[in-house]
Amino acid sequence: MANSRTPVLEAERGSEKQESHEPVAGRRSLVSKPSRSDSVFRNVSYGAGMATVGIMLAVGIFLTLRATDALGVAGFSFLTEQEWSPETQKFGIAAVLFGTITIAIIALCVSVPLSLGAALLISEIVTPKVKTALITLVDLMAAVPSVIFGLWGVFYLQANVIPVSQWISTNFGWIPIFRVTNAAGELATEASAFTSSAFIAGIVVGLMVVPTQTSVMREAFSQTPMGEREGALALGSTRWGMIQTVVLPFGKGGIIGGVMLGLGRALGETIAVYMIISPIFVINWELLKTGTNSVSSLIALRYGESSQFGLSALMAAGLVLFLITLAINFTASSIVARSRSGAESG
Amino acid sequence: MTLIPEAAIPGTPGTPDAQTSSLAAPTANPIVVPLTIDPLAPPATAFVESLRDDGTVNLRARTFIPNSEGVETAARRHIHGTPLEERFNVFGAAAAGISVAILLFGWFAPLTGQVGWAVIAFIGFLGFYAVLVSLKADGQEVKDRIMISLLYSAAVILIGALLFVVIYTLIRGQEALPHANFFFDTMQLAGPLDPLTVGGISHAIMGTLMQIGMALSLAVPLGITTAVFLNEIGGKFARFVRTISDAMTALPSIVAGLFVYAAIITLITHQRSGFAAAMAIMVMMLPIIIRASDVVLRLVAGNLREASYALGSTKWRTVWHVVLPTARSGLVTAVILGTARGIGETSPVLLTSGVTAVMNLNPFDGPMISLPLQVFAFVRSPEPNMIARGFGTAAVLLLLVLTLFALARVFGGRGPGQLSVRQQRAVVARSGRDAVRLTISAARRERALELAQATAGSASSTTAPKETLS
């Protein structure tokens, strides 16, 4: 307000003073005409924006258009059919979607305690030097390629997780999801029944999404007002008491948002899952048992042998996956933005 | 927003507007009163205690600590540092937990397995630690210690897993890495059963470099220009662009690969190529780079831009000479981290680049393999030598990513406008050069002025003002 008014006042004052000596000059126009370099800059950056939107809309529209062929044939059964054979017009994503979601949920069970603990430790407890080092390490973890996590999962983790799976299934076999049965319906105990399961894939994917979650949560926790923290400590609270009553409520939006962003990444993870699982096309409720599937592994598995119609069916599966991750990401970012901790950063 | 700052500047000429504002100031903002030297301003009621009757500030006013006699106070809590006793508690509890686990697993119970041992030892540690702490402290503090040790263990597990993944890959890769041919040969003449002294991954290294180079040469200019557009031009369309690019960060990488496969390979080129792979990587990296650069550019302080506009520069000059240089280190970091992500992406490449064992330097013709895909292709073979090659390739990929990450740390990690020691020195040197230049030109101007006076020879010494230089 003041900025726009001051020059006018100055100009008027100037003209009043000069009135006695010189004739009044016309009022100077304050609207500046963009110079040539400016208009070129404006057009170029508009062009870049349009190109970006063009590329991205092209992806979305192309996916949707190609997917409609298959969706038109399959109809609603696309979501309920478990088998995948587009050649016989009998295909659906019930089994692969189920597998994707179970792997993602197991991944969250692994990642949420780890990321919450690490984020609280980084933002509340350690000294600044250690803090910087930890942040760097967590960021580094986000940059490790997924194929390397997959290698580790296949060649190291699998052999070491199988005894744990066996133990869980013998001791908690009365809970349906932990039971492992063989073809005859009896409890299976041999190690080969536990390889390549959703459980192992979930652990690896969980480790991969921890960095995403940790950085979102840490960001939210670090914005807790110092005054509120000090208030809690001044009232005699312990550090954990302060975290429980001040930091966690303040960062609630960040926690939910971080968990959901991690979920989005876990759903879309391909190569590590593809390397670990052995693909099947039935819904498998026994999470510790060999065989599961995911939408992205389905695409990686079948893209090469597909006809045009088969590709269209894969596109439909990819589109469904994209829509799910899109919905999760937007919900997450709106939760973060609406929360108290996000309001100040936005 | 308001006109108070103008009023607070002494010597502002008394335009009608300024006068009203200096009168209005005390009610709007009482802090102005003791600061402005304005005898007409009435004293604000909020500051009565610190003001004497005559309106001057009482500098002796001080805070009194209330008498604490008779008031019950609790013992002071320790919230910082770790006394010896606490460290002893941790060590003692750890020793006790490990002993219990060894006892249970070795003698008393039929338990086996490393994971089970670790879990029992950890539970034992927590239990003993709680008991040890409770000897000296109350329930709240016991809870505090237990929860904080849980937080520490979460971080230890996390960092341990990370280091384990990295070190495991590097150690398993040692079998293949010492052979020089591994870096300089291709797999063209090497069969699955050949020893590690035959064959290498130079074709995959070249493939990775070419693909990421092509992807970067498109994604970086486009991404950064888009981010500049979002921040500097704005408007409705910019908001739309931002929404779309945020949406695209949710695109699973395999779907990006499928798009390129269906749109470019099956419809146009009819063969897999390095170019198609670069397109897939570009579609993946573009939203990441836009988002990261957008965040960095948003952090550039507004007053820098305003200062530039106030000096009369155009928008383009402001962006080029103020905004981008200020955000340079952040932008470099954004690009490098995006590159690290792009190099490691396997799934879009799996669909688009194709697997080959020969060196292919033409991105538009024939399959061109890259490092992550080569890892994937190697470890699908059951032969131990191929798996060793796979780990060697993974180690090379990992070292590449670690190098990029280290570069990002060297360049970045600073907010916009924060300079490194070298940059600070450069700025000081430049400012020194400017000072010399200004002094010289001022001296020259003065001499010219004196010369002009001397040649004029007239007595009008008062009309020639002497320039004062700071």
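What does the accessible surface of chain B come to, and what percentage of it belongs to carbon and sulfur atoms? I looked it up: about 26,500 Å², with 65% belonging to carbon and sulfur atoms. Accessible areas here follow the Shrake-Rupley method with a 1.4 Å probe, and for residues only the protein chains shown count as cover.

I note that this is a predicted model, where local features need pLDDT of at least 70, side-chain atom pairs count only at pLDDT 80 or more, and totals for chains, interfaces and linings use all residues. Residues are numbered from 1 along each chain as its sequence is written, chains are lettered from A and ligands numbered from 1 in the order written, and side-chain values use heavy atoms, without hydrogens and water.

Chain B, overall. I found 18 helices and zero strands (DSSP runs numbered from the N terminus: helices are H or I, at least four residues; strands are E, at least two). Of its 470 residues, 39% are buried (under 20% relative accessible area; exposed is over 50%, partly exposed in between; 1.4 Å probe, protein chains only).

B:Thr266. I located this residue in helix 10 (residues 253-269) of chain B. B:Thr266 counts as buried because its relative accessibility is 17%. Leaving out residues up to four places away in sequence, B:Thr266 touches A:Gln308, A:Leu311 and B:Tyr261 (contact: heavy atoms within 4.5 Å).

Aromatic rings. I looked up one cluster, formed by A:Trp152, A:Phe155, A:Tyr156, B:Phe164, B:Tyr168 and B:Phe391 (rings of Phe, Tyr and Trp, its six-membered ring, pair with centres within 6.5 Å; planes under 30 degrees apart are stacked, over 60 edge-to-face, the rest tilted). Both B:Tyr168 and B:Phe391 are buried.
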